[in-house]
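Subject: Structure handover

Hello,

Here is the structure I said I would pass on. My notes on it follow below.

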Amino acid sequence: MSSAKRNAAKSAVGLIPSSGAIGLGSGSTVALFAEELGKRISSQECTVSVVPSSYQAYQLAIEHRIPLTNLDENPELLLTVDGADEVDRNLNLTKGGGGALLREKIVAAASQRLAIIIDESKLVEKLASKFLIPVEILPFSLGYVLRAIKDLGVEPRLRRAERKMGPVVTDNGNFILDLQFRQPLEDPDNMAVNLKMIPGVIETGLFVGMADEVHVGTDDGAYIMKK
Ligand code: 5RP
């Protein structure tokens, strides 16, 4: 694992409250954060519990002995720490590389503060520069949603599973489409709204105006970008 990801994860450790409920994102950088959080809990430096944003995050919490909670008991979270696939200069994000975007967005929305941990390779001028934009869709709607997205001038690709035949099925029983845009997004907010208006699209991987701070890990340390 790169030291840049580890440095980003360590940088966000300072945000952990002494007690209360926080959101745990998904991905390989979050896995490093979960390790650090587990150490702090076992040394009694804090008593937080987490709402996991995916089965991966749930298993990370169990592995590192981090107490679990849920949005029914804790509808408002103090903080969420999550990764991202792209971050633009306004701290808008592309997420969903790991297919967890729906619960990640819910957990982020429930949080007073969203901190993102990335390495520098994730920084872009505009979203959709390097990474396809994922959307989670209802399987029943597949044919229609493909047509509606093509009508927007965007090329959708059904995400295929590895080591299993057929499409990726998300933690919520849905499919993922990865969207190839002709050019990077000038107005990600408008695109997110247009995509979400399509019946069958449950959520998009465009996280616009949600992140409060981004901890960017480098080989030597980390720096923080704030709104
Ligand atoms: C999963 C995500 C991840 O946070 C994103 O893909 C970043 O992952 P990594 O830290 O492994 O690069 O959005 O749906």
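A strand, as the word is used here, is a DSSP run of E of at least two residues, and strands are numbered from the N terminus. Strand β5, made up of residues 93-94, is one such run, and threonine 94 belongs to it. Please keep in mind that this is a predicted model.

Threonine 94

Is threonine 94 buried or exposed? Its relative accessibility is 0%. Buried means under 20%, so threonine 94 counts as buried. Its side chain is in polar contact with the side chain of glutamate 86, at 2.9 Å.

The ligand

There is a ligand in the model, and the place where it sits is the largest pocket. Around the ligand are 17 residues, and the closest are Ser26, Ser28, Thr29, Asp85 and Lys122. What kinds of residue form this shell? Nine are polar, six are charged and two are nonpolar.

For threonine 29, an N or O atom of the side chain is 2.6 Å from a ligand oxygen. For lysine 122, a polar side-chain atom lies 2.7 Å from an oxygen atom of the ligand. For lysine 95, the distance between an N or O atom of the side chain and a ligand oxygen is 2.8 Å. On its own the ligand has 380 Å² of accessible area, and the protein covers 91% of that.

Serine 111

Serine 111 is found in a loop, the one that runs between α4 (101-109) and β6 (114-119). Its relative accessibility is 14%. That value is under 20%, so serine 111 counts as buried although it is in a loop. The side chain of serine 111 also has a polar contact with the side chain of threonine 80, with a distance of 2.7 Å.

Tyrosine 223

Tyrosine 223 is part of strand β13, which covers residues 222-226.

If you open the model, the ligand in the largest pocket is one place to begin.

Regards

Key: Residues numbered from 1 in each chain as written. Predicted model: local features only at pLDDT ≥ 70, side-chain atom pairs only at ≥ 80, totals over all residues. Heavy atoms only, no water. Near = heavy atom within 4 Å. Polar contact = N/O pair within 3.5 Å; in protein donor to acceptor, adjacent residues only side chain to side chain. Areas by Shrake-Rupley, 256 points an atom, 1.4 Å probe, with all protein chains shown as cover. 1 Å grid on protein atoms, 1.4 Å probe; cavity = no way out; pocket = protein on both sides within 12 Å on 5 of 7 lines; lining within 4 Å. Sits in = over half its atoms within 2 Å of the grid points. Nonpolar A, V, L, I, M, F, W, Y, C, P; charged D, E, K, R; others polar. Helix = DSSP H or I, 4+ residues; strand = E, 2+ residues; numbered from the N terminus. Buried < 20%, exposed > 50% of the residue type's maximum accessible area, 1.4 Å probe, protein only.
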